[in-house]
Every structure is written in C-alpha cells, then in structure tokens.
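Student: I would like to learn how to read domains, helix packing and contacts from a model. Can we take them one at a time?

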Amino acid sequence: MDVAHIRNFSIIAHIDHGKTTLSDRLLHRTGTISTREMEDQLLDSMDLEKERGITIKAHPVTMLYRAANGETYELNLIDTPGHVDFSYEVSRSLSACEGALLIVDAAQGVEAQTVANVHLAMKQNLTIIPVINKIDLPHANVPLAKQQLEDILAIPADTAILASAKEGIGIDEILEAIVARIPPPTPTGAGSLQALVFDSYFDTYKGVVTHVRVFNGELKPGLQVKLLHSGKHVEVKEVGSFNPKPYVREKLEAGETGYLTANIKSPQEVKMGDTITDTRHPAPALPGFQEIHPMVFSGLYPINTADYEHLKANLAKLQLNDSAFVYQPETSVALGFGFRCGFLGLLHLEIVQERLRREYGMDIIATYPSVIYRVTLTDGTLKEVDNPAYLPEPNYIQKIEEPVVRAFVICPNENIGDMMALISEKRGSVDHTETLDSRRVMLTSVVPLNEILIDFHDRIKSLTRGYGSMDYEHAGYQESDMVKLDMLVNGESVDAFSCIVHRDKAEGRGRALAAKLKEVIPRQQYAVAIQAAIGGKIIARETVSALRKDVTAKCYGGDITRKRKLLEKQKEGKKRMKAVGSVNIPQEAFIEVLKA
Amino acid sequence: MVESLYVHVPFCAQKCDYCAFYSEPSSGETINRYVAALVKELEWLAPELRLRTVFFGGGTPSLLTLRQWEQILGAMERLNLLGAAEWTVECNPATVSLDKAKLLRSFGVNRVSMGVQSLNDSLLERLGRVHSRAMVFKSFDILRRAGFENVNVDLMFAIPGQTLGIWRETLREALALGSEHLSTYEVIYEEDTRFYAQLEAGKVAEDEDLACAMYEELCEAAEAAGLRQYEIANFARGPDVETGAPGLVTRVPERACRHNVNYWRGGDFHGAGPSATGYVRGVRTRNGSNTLLYCEQIEHGRRAIEFSETLSPLARAGETAAFGLRMVAGWPFGDFQKVTGYDLRNEWAADMEEAARRGWGRVDEQGFRLTALGLRFADSAAQLFLR
Ligand SMILES: Nc1nc2c(ncn2[C@@H]2O[C@H](COP(=O)(O)OP(=O)(O)OP(=O)(O)O)[C@@H](O)[C@H]2O)c(=O)[nH]1
Ligand code: SF4
Ligand SMILES: [Mg+2]
C-alpha cells in the first residue's frame with residue numbers, strides 16, 4: 001500500500017471505557033470480521049481476558065477501509081490494555097503509530113489512566129482523536145465529558161466524536177476521522193530498512209513471532225536482517241499482518257505494521273524496542289523504549305514437591321508470551337523448592353497464578369508479595385532484597401530504602417478528605433491538589449509502592465463509590481524504618497507469610513495476619529499456634545484449637561456409599577494442602593493472607 | 001446365597017427435626033400399596049436368600065398395623081424367609097402395642113430396636129419426636145412381656161439444650177432398663193433438616209468439648225453397666241463370641257447386632273423397600289426413594305433400583321478396610337484377606353504405620369485395630385485406607 005493510504009493508530013483509555021468493544025465495531029464495519037464471527041470483546045482472545053472482561057495484551061489488527069472519498073485505506077489498529085500494570089504495552093503500541101483514538105466513557109468522564117495515556121501519546125507527538133463513548137447510557141453526561149477534555153487534557157471539545165460502541169453509533173464518523181485527521185506515516189529519511197520491534201509472542205510452529213512497524217524500506221521473506229541491539233543476523237522467513245488472526249503477506253512496506261518470523265527460538269533473543277535493519281545496508285537505530293522491570297516479587301511453589309520440574313517447564317512456557325514476567329529458582333525453609341518470580345503489579349501476579357492453575361492444572365501457592373528494598377549494610381555495601389527471608393539481621397543494617405511511586409488520584413470534591421486520610425494511612429504525602437473541573441480534583445502524592453500493592457485501588461473505588469481512579473509512576477527510593485514481620489506456625493517461621501513492613505504498621509499487620517490465618521487454617525489433631533514476631537519478639541498470637549474427634553455417627557449398610565464419597569472428597573482436599581512441619585495449610589490460606 | 005436382608009419401611013407419624021432419612025407421613029392407602037409391593041419384591045429376592053439376619057428399619061416399622069404386619073409375615077412364611085438367627089424390627093415407643101409385639105415375636109422376630117433418643121421430655125420435644133419418656137418405660141415393659149429378650153435402645157447426645165447433667169440422667173435411667181444393647185449417636189446437622197436450618201441461622205451452636213465429655217461419660221457408664229463397646233456407636237452385653245459369619249474369627253459381645261456386624265465385615269445383603277440398599281457380589285444397589293414410584297415400578301414387574309455402583313476390587317477392599325475399622329475388633333488379617341482377597345500388610349502397610357504414628361491404631365501379629373483415640377477419629381483414619 002502506498003504510504004499516503006496507511007494509517008497507524010492505537011486505541012487508548014482508562015480501564016473499561018470500551019476500547020475493545022469499539023475495536024470490535026471497527027473490525028466489523030470494515031468487513032474485517034463478518035457478522036457471524038462477531039462476539040463480545042472478540043479481541044480479548046485469552047480465556048482469562050474474556051472471563052475478567054479486561055484486556056491484558058495489546059492486539060494489533062489490520063483493516064482495509066473504503067472511505068467516503070472512494071479510496072481504500074489500510075488501517076492498522078492496536079487495541080491496548082487499560083490496567084496500570086500493563087501500561088508499558090500502551091507506550092510500546094503508541095511508538096508504532098501516528099495517532100491515537102482516545103476513548104472517554106461518557107458516564108465516568110476523564111479518569112486517571114485517561115490522563116496518563118494522553119500524556120504518553122502527547123509525548124510521542126501523536127494525533128489524538130477524542131471519542132466520547134457509551135453515550136447510550138442513561139447517566140451519560142456528554143457536556144461534562146467535553147468540559148473535562150478541555151479543562152484536564154487541553155483537547156478542544158469540538159473535536160470529540162460522540163459514540164456508542166455497543167449500539168454502533170458514531171462508528172463511520174470515527175473511521176472517517178482516522179483517515180482525515182491522522183497523518184500518513186512519513187519516512188525517517190534513513191537510506192534503508194528500519195523496523196521497530198514492539199511486541200512478540202511464541203508460536204509452537206513458527207517460533208517467535210515478532211510484531212514490527214516498518215518505518216523505512218520493506219521487509220520480505222528471504223531478506224537477511226540484523227537485530228541491532230543483539231547483533232543477531234537472521235533471514236526473514238515470513239511476513240504478515242493480523243485480521244485478527246495472522247495472515248501471510250508478500251511484504252511489509254514502509255509505514256505498515258505486521259509481523260515477521262525468522263529462525264528465532266527464544267523470545268529473549270528479541271528485545272522490545274530493537275530496530276531491525278538490512279544486513280548489507282544497515283541503517284541507524286530508531287529511538288527504542290525504556291526496558292521494563294518487574295516491580296513486585298513473589299515465590300511460587302508447587303503444593304506437591306514432586307511437581308517442581310513440571311512447574312519449571314510451565315513457567316518457561318508462560319514466559320514465552322509474557323516477556324515482562326521473570327523467574328529464577330529459590331528455596332524456602334517451609335515450602336521447599338520453588339521460584340522467585342517478578343511481576344509488573346498485583347494484577348499481573350494474579351493472572352500468572354491463575355493461568356498456571358487453570359491452563360496448566362498446577363496446584364501452587366504464592367508467597368506474600370514484596371517489592372525490592374535497597375539495604376545498606378553497616379560495612380557500606382548495598383544489597384537489593386526482594387524476599388523477606390533474605391533481609392539481613394537488624395544489627396548489620398545501616399539503612400533500608402524502599403521504592404516509592406508518584407500516585408495520581410482523581411476523585412470527586414466531596415471525597416478529598418477520605419482520599420487524604422487514605423493516602424496518609426498508606427504513609428504517603430500529598431504534594432499538591434489540582435482542581436480539574438467544578439466537581440473533581442487530582443491529588444498528586446508520593447506513596448511507598450508496597451502500600452499501594454494490596455488494596456489501595458480497591459479502597460479508592462469503594463470510598464468514592466466507583467468515581468475515583470488512580471494511576472502511578474515510579475519515583476525512586478526513600479529511606480524508611482522497615483522491619484521484617486515473621487509469621488510462625490507452631491513455632492516454625494513460614495517464610496511464605498513473612499513480609500517487610502514499616503515499623504509503625506508491623507503490629508497491626510501482625511495481628512491481622514494472625515487472625516486471618518486462624519480463620520483459614522483448618523483444625524488439626526493438634527493445637528496450632530500462630531504467632532507474629534518482629535526480630536524474635538512475639539507481637540500477636542492466635543490458636544487454632546485441636547480437633548478432638550470426628551463426629552460419632554452411625555454408619556450402616558445404607559450409609560456407606562455416601563459416607564465413602566464424603567471421605568474421599570475430604571482426603572482429596574487434604575492432598576491439596578501444603579504440609580508445613582506437622583501442619584496442613586490449604587492453598588486458600590496463601591491467597592487469603594493477601595487480603596488480611 | 002445371601003444371608004442378610006434389610007427391609008425399609010418408609011413411614012413415620014411425623015418428621016423428626018434432625019432426620020434426613022427417607023420417610024414420609026403415612027396414609028393408610030399408600031401403606032397398603034407399599035405392603036403389596038414389598039411382598040412382591042421379597043418374592044423376587046427369596047430364591048437367593050437363606051437368612052441369618054433380618055433387619056426391618058425405617059422410618060417407623062412399628063407404625064404398620066397388625067393387619068399389614070400379618071400380610072408381610074405371612075408372605076415371609078410362604079417364601080421360607082422365617083427362622084433367621086437374628087431378626088430385628090425398629091420400633092418407636094409411641095407405636096408399640098402388646099398385640100403387635102406378640103405377633104412379631106410369634107413369627108420369629110427376636111430383637112427390637114427402640115428409638116428412645118432421650119428420656120428428657122423437653123429434649124424429646126426439641127427433637128420433634130412423637131413419644132414421651134413415659135411411653136419409653138411402658139413400651140419397654142410391653143416388649144419384655146411379649147417375650148423379647150434382646151432389645152436395643154437408641155440414644156442421642158449433643159442435642160441442642162442437652163447439658164452434661166441431663167445426659168448423665170438419661171444414661172442412668174436408660175441403662176437401668178437393662179437392655180441387651182445400646183446404640184448412641186451424636187446429633188448430626190444434615191442438610192435438608194430443620195436442625196441444619198437452625199444451625200445455619202445461628203440459633204444453635206455445636207459444642208465440641210461438651211460432645212467429647214458426653215462421649216466419655218457414655219463409655220464409662222455403659223462399661224460399668226456391663227455393656228461393652230464393639231463399634232464406635234454400639235455397645236452390647238455378653239461374653240465374646242464369633243460373629244456367626246462363616247469362616248471369620250472376628251469376635252464380638254454375644255448380643256452384638258449381627259446384622260450390622262455383617263455390614264462392617266463387608267458381607268453381602270439384599271435390600272427391599274424404597275431407598276433400601278443392597279450389596280451382593282461386589283455390586284451396591286439402591287432402590288429409588290419415592291414410595292409411590294417404588295410401588296408403581298414393582299407393580300409393573302420392574303425392580304425399583306435407581307442407583308448401582310461397582311467399584312474396582314481394590315477400591316472395594318479399601319472401603320471394606322475403612323468401614324471395618326469402626327469395629328473395636330478391627331481387622332484380623334485373615335478375615336480381611338478372606339473377605340477382600342487383599343492382605344492389609346501389603347497394600348496398606350504405610351497407612352497402618354501412619355495411623356499408629358498418630359496414636360490412632362495398633363498392629364500386632366493377628367491384625368490391625370483402632371485405639372480408643374483412633375475410634376474417635378474413625379473418619380480420618382478411614383480416609384487413610386480408602387483407595
Ligand atoms: N452501555 C455501553 N456499554 C459499553 C459500551 N462500550 C463498551 N461497553 C461496556 O463496557 C465494558 C468494558 O468494555 P471493554 O470494551 O472491555 O473495555 P476496555 O476499555 O477494552 O477494557 P480494558 O481492556 O480492561 O481496559 C463492557 O461491559 C462493555 O460491554 C457502550 O458504548 N455502551
Ligand atoms: S422416626 Fe426415625 S425415621 Fe422417622 S423421622 Fe424420626 S428419626 Fe426419622
Ligand atoms: Mg479491552
């Protein structure tokens with residue numbers, strides 16, 4: 001396709017504002033998918049995406065659109081995830097585009113992720129087409145949404161298109177705007193091939209499938225190319241695009257997005273943001289993007305120690321399609337052999353766990369999540385600790401620094417007090433308060449990352465009855481008075497439950513954890529003592545009393561089948577518990593402590 | 001040939017609050033229809049039966065009228081089903097009359113199991129029982145006068161509202177009756193009962209410590225009265241004798257209920273009547289629970305079996321091991337091998353060891369049995385042995 005007829009754009013928005021639903025509509029209207037193939041959130045192809053109704057991975061699709069002017073355009077769309085854990089997917093997607101469709105839910109208005117994503121798009125000088133979606137909702141407030149576009153984002157309100165992805169309203173207008181307003185790709189001026197790697201996935205037959213945006217030159221099978229960052233040379237085997245399934249094309253030309261396959265076996269060989277160029281006539285690298293690093297760490301252990309190798313193999317498989325996920329072997333006194341895993345956030349952690357359980361049928365437990373602490377020892381050496389088990393004894397520690405984030409909370413005026421209280425409860429400090437419009441404010445604050453991991457977002461949602469939202473960016477480290485909280489079960493420290501907390505919060509957390517564990521550990525033949533301790537000092541204690549007997553029931557001929565089935569079920573349940581010393585701890589306990 | 005027969009009589013005067021058994025309020029006509037169907041079912045089973053034990057349970061078998069009993073007993077005579085060494089009929093103290101008792105006795109019924117449950121009138125009401133404490137004493141007297149020398153008394157403990165004092169008093173009075181056998185159960189909150197609903201609603205609470213104290217009290221008092229425990233919930237008089245099952249060396253007190261012992265030894269039995277279970281040649285069957293449907297099927301010449309299950313030999317042996325351990329005698333290795341074809345010492349060696357480690361079991365040359373502690377954890381111990 002000639003460059004003048006190509007448009008590359010991402011769809012960005014706050015979570016749930018309707019990106020995927022609108023993408024589906026565009027695919028349908030352009031005839032990329034037929035009415036028969038149409039289903040809700042078609043692009044959310046993973047089971048987990050469908051079930052949770054959220055997008056986890058960015059999805060590129062190529063559409064052909066016959067515009068009102070009679071000409072046919074190639075539209076390359078990338079649907080992006082809205083959740084903050086996956087915001088790196090948004091910035092990568094944007095780097096392959098000249099424009100962005102910004103979706104704003106007419107009932108919710110501009111929210112924290114809207115602001116964050118607009119800033120990403122503006123930083124890359126993209127053309128933004130604002131779309132006010134869900135205008136079919138009875139409580140849609142279009143004038144207010146428009147006002148917010150102007151006031152908060154400095155986007156002229158009269159450029160906004162009113163739409164309902166659900167009802168199919170405004171779709172034609174959006175397509176025309178894409179053609180009219182988003183500029184066609186412009187060559188970079190380099191003399192030969194330049195293609196930006198912005199994503200990849202693993203296919204059992206094809207190996208690594210690399211998503212690329214061609215900026216200069218063309219990509220076609222047989223071409224010898226070089227990956228500038230890794231220095232690797234490969235021959236292009238196949239190129240193509242998505243509709244949304246991959247389909248083979250003859251070549252990808254300047255301005256187009258699509259994929260390529262080559263003899264690449266491991267996703268690690270392809271770095272996101274790398275530039276692919278012609279081996280014989282190398283061109284300079286395109287500006288790449290910042291590498292992402294996992295922020296949250298947790299140990300994953302098989303319930304049955306015999307499943308270790310199995311778990312290892314499955315983690316490797318997961319990583320093939322999830323480059324943000326990292327793992328390495330570790331051992332735990334209580335849990336045996338497992339893996340230390342790094343995640344982008346708690347949702348990412350949850351998703352990986354759930355996929356292991358469901359797609360791979362694994363019984364696993366996860367340890368309490370931790371961030372990376374920077375520990376300066378008394379001898380001046382610096383140590384990074386992402387596992388409470390490896391925190392040195394207090395007398396060797398000179399200081400501990402913890403990661404902090406800059407959090408942006410948008411909330412209705414009447415909730416300012418609640419939000420201030422919440423932020424201070426989370427050891428944060430509000431830097432400034434900005435009036436967004438007549439009804440809402442944005443609080444910018446610095447908050448320790450470990451405090452926002454567990455329930456910060458949920459609390460905002462519930463305190464504001466759904467009207468508050470939040471986004472954050474990493475903001476370095478600060479020195480804090482952190483201590484290690486140990487949880488002991490019958491005198492044995494269970495490292496899965498240990499965590500590093502601020503001294504002021506240690507006691508409360510210890511009590512809450514002990515109470516929660518008492519609730520979730522089933523009674524056993526022996527009394528089970530649950531203790532919370534800081535540096536050997538017990539600060540909370542609970543006891544799960546001993547089970548003294550089973551029920552003395554009659555059991556005659558007619559009762560046997562039913563009783564046997566009941567006993568079989570209980571026996572099965574016990575197998576799914578982790579034996580820690582002499583105590584059986586169910587899988588749920590490891591999940592429940594997160595909610596303590 | 002099958003030596004044991006269970007007959008289910010699915011009628012009760014009213015539903016007790018804790019009961020999840022299949023039984024329903026009776027109407028004379030339905031009962032007549034049931035009796036006819038039962039007789040027909042017995043006709044089908046008779047050629048396979050040479051009876052050593054018979055058990056009429058319910059429901060409330062004593063609710064059947066004299067005439068209805070005559071019909072059943074007459075048919076059994078015709079079918080050569082009389083003469084079992086042990087023949088039990090369950091009775092509710094409210095429905096025992098001298099005439100009925102004599103009739104049963106004259107046809108060879110030689111054991112009666114009385115659903116006493118409690119001797120405290122307010123608890124009886126709490127349980128939703130139709131009888132009073134006075135009726136218990138009166139009925140017991142009638143049974144003795146009718147010539148029953150083998151009577152069981154059923155008692156319940158851990159009833160909501162029952163104190164340790166009340167339980168002691170009930171135990172004292174019940175044991176003073178001098179019955180040959182005692183069965184005792186803890187209240188179980190089974191789904192679909194009024195008790196369960198009350199528990200769910202938080203109107204009653206379980207008190208494990210109290211239940212334990214009551215159980216200890218029971219074991220001591222029964223032992224002192226000459227009733228020896230031979231199964232988790234069962235006590236009987238008499239010196240130890242063999243069970244009567246051919247070829248087994250397991251020993252039980254003389255007045256132990258042989259019919260139930262047969263269940264715990266993994267023996268065969270036929271079942272007749274709605275919801276009755278049978279276990280013959282490794283196949284477990286259960287009749288449908290709906291009385292009218294049961295009658296209809298039998299009337300059309302069809303068996304009323306709604307469920308049947310055939311386990312693998314190993315699973316069956318595991319089940320036999322698990323439930324057999326409920327008996328104080330445990331499993332003599334020879335008996336277990338005779339019944340199941342498996343040697344406990346091979347397949348279950350690790351489980352016996354684990355049970356012993358937990359203080360639940362004891363192994364010696366002859367066999368494996370649960371300890372006093374193990375009997376209290378019989379369900380958990382049973383789990384170890386299931387396959
Ligand atoms: N009433 C109404 N509902 C809509 C409209 N568009 C989307 N929705 C609903 O909003 C919810 C979220 O839609 P998605 O398309 O999954 O939103 P998303 O922005 O892709 O969400 P994430 O990928 O998780 O960020 C779904 O329940 C949709 O059915 C609309 O125009 N009107
Ligand atoms: S009499 Fe027995 S079978 Fe009938 S309802 Fe009461 S407990 Fe249940
Ligand atoms: Mg989506």
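Tutor: We will go through domains, helix pairs, the chain contact and the ligand shell.

Tutor: One caution comes before the rest. This is a predicted model.

Student: Into which domains is chain A divided?

Tutor: The assignment gives domain 1 (3–181), domain 2 (194–278), domain 3 (296–366), domain 4 (390–480) and domain 5 (484–595) of chain A. For spacing, take the C-alpha centres of domain 2 of chain A and domain 5 of chain A: 51 Å separate them.

Student: And what are the domains of chain B?

Tutor: Chain B has domain 1 (2–263) and domain 2 (313–383). Their C-alpha centres lie 27 Å apart. Each side of their contact can be counted: 10 residues come from domain 1 of chain B and 10 residues from domain 2 of chain B.

Student: Which elements give two or more residues to the side of domain 1 of chain B that touches domain 2 of chain B?

Tutor: Those elements are strand S9 (228–231) and strand S12 (251–253) of chain B. S9(B) provides the largest share of that side, three residues. By class, this side of domain 1 of chain B holds five nonpolar, three polar and two charged residues.

Student: Now helices. What describes two packed helices?

Tutor: The angle between their axes and the distance between the axes describe the pair.

Student: Which residues of H6(B) and H8(B) meet?

Tutor: From H6(B) come Leu164(B), Trp167(B), Arg168(B), Leu171(B) and Leu175(B). They meet Leu210(B), Ala213(B), Met214(B), Glu217(B), Leu218(B) and Ala221(B) in H8(B). The contact of H6(B) with H8(B) has nine nonpolar, no polar and two charged residues.

Student: Give me a second pair. At what angle do the axes of H14(B) and H16(B) cross?

Tutor: The axes of helix H14 (residues 349–357) and helix H16 (residues 378–385) of chain B cross at roughly 155 degrees and come within 9 Å. That angle makes H14(B) roughly antiparallel to H16(B); the cut-off here is over 145. H14(B) passes H16(B) in a right-handed crossing. Asp351(B), Glu354(B) and Ala355(B) of H14(B) touch Ala381(B), Leu384(B) and Phe385(B) of H16(B). This contact of H14(B) with H16(B) has four nonpolar, no polar and two charged residues.

Student: How many residues does each chain give to the contact between chain B and chain A?

Tutor: Chain B gives 29 residues and chain A gives 19 residues. The elements that give two or more residues to the side of chain B include H8, helix H9 (258–264), helix H11 (313–324) and H16 of chain B. H16(B) gives the most to that side, with five residues. The side of chain B divides into 15 nonpolar, five polar and nine charged residues.

Student: Last feature. How many residues surround ligand 1, and which are the closest?

Tutor: The shell around ligand 1 has 21 residues. The closest are Gly18(A), Thr20(A), Ile54(A), Thr55(A) and Gly82(A). Helix H1 (residues 19–29) of chain A supplies the largest share of the shell, three residues. By class, the shell around ligand 1 has six nonpolar, 10 polar and five charged residues.

Key:
Residues numbered from 1 in each chain as written. Chains lettered and ligands numbered in written order. Predicted model: local features only at pLDDT ≥ 70, side-chain atom pairs only at ≥ 80, totals over all residues. Domains from an automatic or database assignment. Contact = placed C-beta atoms within 7 Å. Helix = DSSP H or I, 4+ residues; strand = E, 2+ residues; numbered from the N terminus. Nonpolar A, V, L, I, M, F, W, Y, C, P; charged D, E, K, R; others polar. Near = placed C-beta within 6 Å. Axes fitted to C-alpha atoms, helices over the stretch in contact; angles between N-to-C directions. Parallel < 35°, antiparallel > 145°, perpendicular 65-115°, else oblique. Left-handed = near helix turned anticlockwise from the far one by under 90°.
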